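Hi everyone, thanks for coming. Let me walk you through a structure that may be new to you, so please have a look at it with me.

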Amino acid sequence: MKEFVLKGIPAAPGIASGQAFILDKQDFIIPVRAVMKQEVPIEIARFQEALLKTRQEIAEIQNKISRKMDGKHAQIFDAHQLVLEDQAFIDEVIQRIEKDKFSAEYTFSEVLKKYVKIFSNIKDEYLRDRVHDVNDVGRRVLKNLMDESKLHELDNLEEEIIIIGHDLSPSDTASMYNKNILAFATDVGGRTSHTAIMAKSLGVPAVVGLKNATLRIENNNFIIVDGRQGLLIVNPTEETRRIYQDVKNRIKAFRDRFQEIKDLPTQTTDGKSVVLMANLELPEELPSIRQHGASGIGLYRTEYFYMNRVDLPSEEEQFKAYKYVAEAMHSYPVTIRSLDLGGDKFISSLQIPRDMYSFLGWRAIRFCLERPDIFKTQLRAILRASVFGKIRLMYPMISGIDELRQANAILEEVKINLKEEKIKFDEQMPVGVMIEVPSAALTAEILAKEADFFSIGTNDLIQYTLAIDRVNEHTDELYQPGHPAVLRLIKNTIDAAHAQKIPVGLCGEMCSEPVLAFILLGLGLDEFSMSSLSILQIKKMIRTVSLQDAKDLAEKVLSLSTGQEVEEIARERVKQLAPEVIQSDQKETRSH
């Protein structure tokens with residue numbers, strides 16, 4: 001078949017090649033098959049057997065995930081089991097088999113369509129989101145009813161594949177822990193969507209925003225995923241395969257060349273020291289974080305505790321997880337972000353009002369302040385874990401001093417209760433603020449007086465400043481980290497923090513780009529937090545340049561008019577001063 005190329009948005013770097021598995025092409029063509037009256041009990045028995053088999057499969061998946069990932073992610077399938085145990089749903093299928101006398105698979109598929117339609121039309125966002133669980137369970141039951149091969153079931157894969165889908169559900173993302181998943185690509189999404197960030201953390205190449213990949217690619221097509229350029233090469237020629245294998249080898253050599261500096265100080269040539277830390281999504285990332293020499297965790301996202309489960313995480317469950325990470329990082333700081341649901345985050349099982357799901361809705365600290373019961377449980381767990389390491393707490397999406405004071409008041413209440421219960425915690429635990437919205441950046445001098453540190457979350461700060469949706473592929477070109485407005489807000493934040501003698505870090509994707517990290521160094525950033533895979537490259541850049549060079553560049557780019565000008569000039573300067581940190585094959589690998 002002829003080679004062709006699809007262009008999308010780079011989401012996670014790396015090159016992968018293999019067979020395509022199209023998530024969205026696993027539907028069944030179910031024939032209408034009538035049955036005799038005496039066959040009705042057989043069809044009902046077949047249906048019940050398929051339900052039982054599906055329950056067993058899901059239980060096996062849960063056990064498998066529990067063994068590999070400490071049980072925390074197995075609860076993603078609890079909602080699936082609830083669907084399988086819905087007696088009203090089961091009874092309707094049985095009654096229709098008895099009444100209409102059609103096959104179990106046809107009757108089940110018709111009832112399933114009815115439920116999917118009902119859920120899809122519900123106004124409540126939480127309930128509407130359950131349609132994904134219903135569809136997933138329905139597909140499994142139909143496979144068992146129709147004796148379909150399980151060869152391509154994500155949970156039982158034995159061969160290496162590349163996942164192609166319109167979008168990735170939480171269930172699909174959980175399957176990425178399977179070592180046989182080489183990469184993924186989606187029709188929709190932006191480079192800083194939650195799924196893209198997770199892919200970076202896991203070291204899985206990814207391309208998003210392809211628009212029609214699921215329509216253009218067939219199951220088992222051989223494809224190459226170029227996560228650096230945002231390309232999918234379908235049915236590549238032998239020449240293309242050879243070229244990309246060479247690129248893959250060069251990328252590995254490029255990464256390996258920085259290993260020698262892992263244990264050296266992160267210091268510029270003129271003696272300025274900064275701290276390089278890692279962003280942490282899941283405890284399973286800790287070995288990679290240690291391997292790449294991170295000096296702490298600059299952002300520990302805690303949302304996964306609340307995602308895709310039928311209950312709330314207990315205080316004890318959270319305490320054990322926070323303690324584990326704190327002890328694993330020894331004397332290095334672990335910065336825990338309090339619950340930040342909303343926007344593009346996966347939806348939890350909480351019955352949360354519809355407007356929370358908007359980026360501008362009831363999310364992050366707003367949700368925590370409205371639900372102090374949930375907030376206090378997390379704060380208690382964090383405080384209890386604080387005696388086992390250097391834990392720092394930070395609040396997300398603070399828009400002004402009132403929210404900071406309200407959050408701190410709840411924290412003080414929790415501290416008093418712990419003291420009364422004679423439970424130990426670090427009474428000097430630093431409490432910081434994430435600067436993610438323009439109002440916080442513009443009033444940073446006020447916030448700095450009552451915060452122990454700042455952490456700039458540029459993924460959202462860029463989104464809110466430039467009025468774009470960072471997870472929408474249609475606005476990706478407008479997502480400019482180097483936009484002068486963004487840089488000025490960052491500078492204002494850093495200056496305000498330093499005026500109050502508190503450290504300021506940055507935990508957005510900006511940190512992982514050498515060109516942008518060079519600008520941030522010149523703006524005076526103290527702490528850089530990023531995917532662990534980017535740490536050594538950024539360390540090499542910092543150890544190669546002087547602080548004065550960085551300051552000169554920062555001063556120059558702040559006077560420019562566009563983000564494009566900023567990045568072009570900064571890239572040329574980095575090429576001059578630290579050419580070894582810019583991959584020579586960052587340009588198009590070949591003309592397609």
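Let's start with a question: which residues do ring pairs link into a cluster? The answer is Phe47, Phe89, Phe108 and Tyr115.

Before going on, a word on where this comes from. This is a predicted model, where local features need pLDDT of at least 70 and side-chain atom pairs count only at pLDDT 80 or more, while totals for chains, interfaces and linings use all residues. Residues are numbered from 1 along each chain as its sequence is written, and side-chain values use heavy atoms, with hydrogens and water left out.

Back to the rings. Searching the whole structure gives eight aromatic pairs. Here, rings of Phe, Tyr and Trp (its six-membered ring) pair if their centres lie within 6.5 Å; planes under 30 degrees apart count as stacked, over 60 as edge-to-face and the rest as tilted. Take Phe89 and Phe108: their ring centres are 5.7 Å apart and their planes stand at 90°, so this pair is edge-to-face. Phe89 sits in helix H3 (residues 87–100) and Phe108 in helix H4 (residues 104–120), so the pair ties together parts that are 19 residues apart in sequence. For those names, helices (H or I, at least four residues) and strands (E, at least two) are DSSP runs, numbered from the N terminus.

Buried means under 20% relative accessible area, exposed over 50%, and partly exposed in between (1.4 Å probe, protein chains only).

Now for another pair, Phe375 and Tyr395: the ring centres are 6.3 Å apart and the planes are at 65°, so we call this one edge-to-face. This pair links distant parts of the chain, with Phe375 in helix H14 (residues 372–385) and Tyr395 in strand E12 (residues 390–395), 20 residues apart. Phe375 is buried at 1% relative accessibility, and Tyr395 is buried at 0%.

Next, charges. How many salt bridges does a search of the whole structure find? It finds 25, a salt bridge being a side-chain nitrogen of Lys or Arg within 4 Å of a carboxyl oxygen of Asp or Glu. One of them joins Arg242 and Asp246, whose closest N and O atoms are 3.1 Å apart. Both residues belong to helix H10 (residues 238–256), four residues apart, or about one turn of the helix. Arg242 is partly exposed at 43% relative accessible area, and Asp246 is partly exposed at 32%.

Another salt bridge brings Arg573 together with Asp549, at 3.7 Å from N to O. Arg573 lies in helix H23 and Asp549 in helix H22 (residues 547–557), so the pair ties together parts that are 24 residues apart in sequence.

The axes of helix H20 (residues 514–523) and helix H23 (residues 563–577) come within 9 Å and cross at roughly 90°; axes are lines fitted to C-alpha atoms, for helices over the stretch in contact, and angles run from 0 to 180 degrees between N-to-C directions. The contact of H20 with H23 has nine nonpolar, no polar and three charged residues. In this scheme, Ala, Val, Leu, Ile, Met, Phe, Trp, Tyr, Cys and Pro count as nonpolar, Asp, Glu, Lys and Arg as charged, and the others, Gly among them, as polar.
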